[in-house]
Amino acid sequence: MRTFDFDRPRSLTQAANSANGTAQGQTDAAAQYLAGGTTLVDLMKLDVLRPRRVIDLNVAQGGKEVEVGNSELRMGAFAKMSAVAKHPQVLSLYPVIAQSLQLAASAQLRNMATLGGNVLQRTRCPYYRDPSWAACNKRAPGSGCTAISSFNRNHAVLGVDDTCISQYPGDFAIALIALDAQVDLLGPKGPRKIDFALLHTAASGTPHIETTLKEGEIITAFRIPAGPWTRRSSYVKVRDRASYEFAISSAAVALQLDGETVRQVRIGLGGMAYRPWRSVDAEKALTGQPLTEANAEAAATIALHGARTHGFNDYKVELAKRTLVRALLETKSLSLSQV
């Protein structure tokens, strides 16, 4: 047990100011925010994270959990995953969001975990989560990457480099990136907004820096613009067991169809990449085309172009293609009453 200071600020502004000098997107941050604690507590027990201060945000949190308007869906970052997953308007108007949350973790974790904490969860790479493995650039910058030359069945094939092939584990983030979400942030210098696609960083030689969050910044909300594609949307998750398991492949798809023809499509891929992954090239290939199985397969091939495998995870490229084809065709087949 390592000692640490435990703070309970009365407001988010106070929390952000008290954490100034620490960026939450770095694995060696001296201070860590606590919300649901379902990731932080695990990593502290494993001696992977060793914060000198833990800042509890539960007293300071505020704002409505879910607001559905004509122009956007707003979800508070402190909303519990389970609450948003069963929200009637999220279920009917943004089903891909509800499904990505329903298929995540376990019922007990969904009742505790917050949306903001979920998108910031750390990789489940066993070499990162076990300090007895010395070579892990994410945990110990410059030490190397054990996974590249070791058992790497569940590791990423998209967005990786020679410094890290860890896989982003979340489901909710895949739906967010597919739907052009934005993130509301609050820091010592005040509020700001960014595209969700800009929140997580590429490996780029510095895998220990995982996000673009500035010093002291807190995620306060997620916003998804309304569109005719959000109702015809779904999340397909492939995993080794039926529940309480991370994806080895997943796809978030949102469609606007004119008969058989694709007018708009959004595609997010999970279980495949270093960070939440959107395939804009596959979207372009499908737009204006009839959504046939052949065209879905062609788009899936484009989506996995440039994938880098490392032996044990070679199978992932074909699995990802099949997952995306299934997600596209299942989303297309949704009945009018469902959309």
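Is the crossing of α10 and α11 left-handed or right-handed? The crossing of these two helices is right-handed, a term that applies if the near helix is turned clockwise from the far one by less than a right angle, with anticlockwise giving left-handed. The model is a predicted one, in which local features need pLDDT of at least 70 and side-chain atom pairs count only at pLDDT 80 or more, while totals for chains, interfaces and linings use all residues. Residues are numbered from 1 along each chain as its sequence is written, and side-chain values use heavy atoms, with hydrogens and water left out.

**Helix packing**

- Helix α10 (residues 293-303) packs against helix α11 (residues 316-332) at an angle of about 135°, and their axes are 9 Å apart; axes are lines fitted to C-alpha atoms over the stretch in contact, with angles from 0 to 180 degrees between N-to-C directions, and helices are DSSP runs of H or I with at least four residues, strands being runs of E with at least two, numbered from the N terminus.
- The two helices α10 and α11 are therefore oblique to each other, since angles under 35 degrees count as roughly parallel, over 145 as roughly antiparallel, 65 to 115 as roughly perpendicular and the rest as oblique.
- In contact (heavy atoms within 4.5 Å) are Glu-293, Ala-296, Glu-297, Ala-300, Thr-301 and Ala-303 of α10 with Lys-321, Leu-324, Val-325, Leu-328 and Leu-329 of α11.
- The residues of this contact between α10 and α11 comprise seven nonpolar, one polar and three charged, where Ala, Val, Leu, Ile, Met, Phe, Trp, Tyr, Cys and Pro count as nonpolar, Asp, Glu, Lys and Arg as charged, and the others, Gly among them, as polar.

**Strands around β5**

- Strand β5 (residues 72-76) is mostly covered, with four of its five residues buried; buried means under 20% relative accessible area, exposed over 50%, and partly exposed in between, using a 1.4 Å probe and protein chains only.
- Strand β4 (residues 66-68) pairs with β5 in the antiparallel sense over three bridges, pairing being assigned if DSSP finds at least two bridges, and the two strands form a hairpin with three residues between them.
- Val-66 stands opposite Met-75 in β5.
- β5 also pairs with β8 in the antiparallel sense, over five bridges, and Leu-73 stands opposite Ile-224 in β8.

**Positive phi angles**

- Most residues other than glycine have a negative phi.
- Asp-47, in the loop between α2 (40-45) and β3 (53-56), has a positive phi near 70° and counts as partly exposed at 25% relative accessibility.
- Ser-204, in the loop between β7 (190-195) and β8 (218-225), has a positive phi of about 45° and counts as exposed at 58% relative accessibility.
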